[in-house]
Number of protein chains: 2
Amino acid sequence: MIQAKIAHFTSMPAQVFGAEAPGTSIRVLINDEHDGAPVYNMRMIEIEPGGHSPLHQHPYEHENYVLNGEGEVFIDGKTSPIAPGTVILVPPGVMHQYRNTGTRLLRFLCSVPVAKLRQG
Amino acid sequence: MIQAKIAHFTSMPAQVFGAEAPGTSIRVLINDEHDGAPVYNMRMIEIEPGGHSPLHQHPYEHENYVLNGEGEVFIDGKTSPIAPGTVILVPPGVMHQYRNTGTRLLRFLCSVPVAKLRQG
């Protein structure tokens, strides 16, 4: 049985991405493995000024909501500005990258299907 | 083929809930019907001071992220405070309700599975 979860995002640790994404970390807010999420995992991405996420693609979508900061998102050849309140749907199978072009932390939600649904 | 979407939340209209949820409106940010979302629909709920969402249950989960304001969430007999940065997983099949107990607009994301996956 799935249990209710109520927690502030700061109680979920920020894990550093690594060399392919300088200045970037990820917090897993709700997921299948630990919380029993039925269809999607909610994560938070934090990118320091000048940093960026990996330029990559995968066979499943992202759904994003930008919380803080300013930056840009590259999707399938096109770069667009993002700011607090921006909603983004990154389709499955397209190259994409998030970049912090501002002077403050860029923070956004980035949800993905659970493992059993990440087949595209 | 699914198209990329990049839009500010204010470009999606707020629809009033009705008598069972005074002061409450909903914006559909990303969904299956219009955007081709593969597994989950992202919505935004806005509740005015003193207002609340319906007290109800359904066979699918909610995943929430609180953006602005203060309030409380009732889940399966227990009431908890919520504030910006609170993450909530409402399990399938439990009674739940959100209430604005503050003096400003309570705004949170509320995602649900797409129609074909809302069977619980």
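Two residues are in contact here if their C-beta atoms, placed from the backbone, lie within 7 Å. By that rule, the contact between the two chains takes 36 residues from chain B and 36 residues from chain A. This is a predicted model, so a pLDDT of at least 70 is needed for local features and 80 or more for side-chain atom pairs to count, while totals for chains, interfaces and linings use all residues. Residues are numbered from 1 along each chain as its sequence is written, and chains are lettered from A and ligands numbered from 1 in the order in which they are written.

**View 1. The side of chain B that touches chain A.** Strands are DSSP runs of E, at least two residues long, and helices are runs of H or I, at least four long, all numbered from the N terminus. The elements that give two or more residues to this side of chain B are β1 (5-8), β3 (24-30), β4 (40-47), β5 (62-68), β6, β8 (86-90) and β10 (106-113) of chain B. The largest share, five residues, comes from β8(B). Sorted by type, the residues on this side split into 24 nonpolar, seven polar and five charged. Nonpolar means Ala, Val, Leu, Ile, Met, Phe, Trp, Tyr, Cys or Pro, charged means Asp, Glu, Lys or Arg, and polar takes the others, Gly among them.

View 2. The same surface serves both: 100% of the contact residues of chain B recur in chain A.

**View 3. A strand pairing across the chains.** Two strands pair if DSSP finds at least two bridges between them. Here four bridges join β8 (residues 86-90) of chain A to β1(B), and the two run antiparallel. Look for A:Val87, which stands opposite B:Ala7.

**View 4. The three-stranded sheet of chain A.** The strands sit in the order β7-β6-β9, forming an open sheet with antiparallel pairing. At the edges are β7 (78-82) and β9 (96-100), each with a single partner strand, so one side of each is left without a neighbour in the sheet. The twist averages 20° from one strand to the next, with axes as lines fitted to C-alpha atoms (for helices, over the stretch in contact) and angles running from 0 to 180 degrees between N-to-C directions.

**View 5. Zooming in on β6(A).** Strand β6 (residues 71-75) is joined to β9(A) by five bridges, and five bridges also join β6(A) to β7(A). A:Val73 faces A:Tyr98 in β9(A) and A:Ser80 in β7(A). In the β6-β7 hairpin, with two residues between the strands, A:Asp76 takes a positive phi near 55°.

**View 6. B:Gln57 and its neighbours.** This residue lies in the loop between β4 and β5 of chain B. Leaving out residues up to four places away in sequence, B:Gln57 touches B:Gly93, B:Val94, B:Met95 and B:His96. B:Gln57 and B:Val90 are 33 residues apart in sequence and 9.7 Å apart in space, C-alpha to C-alpha.
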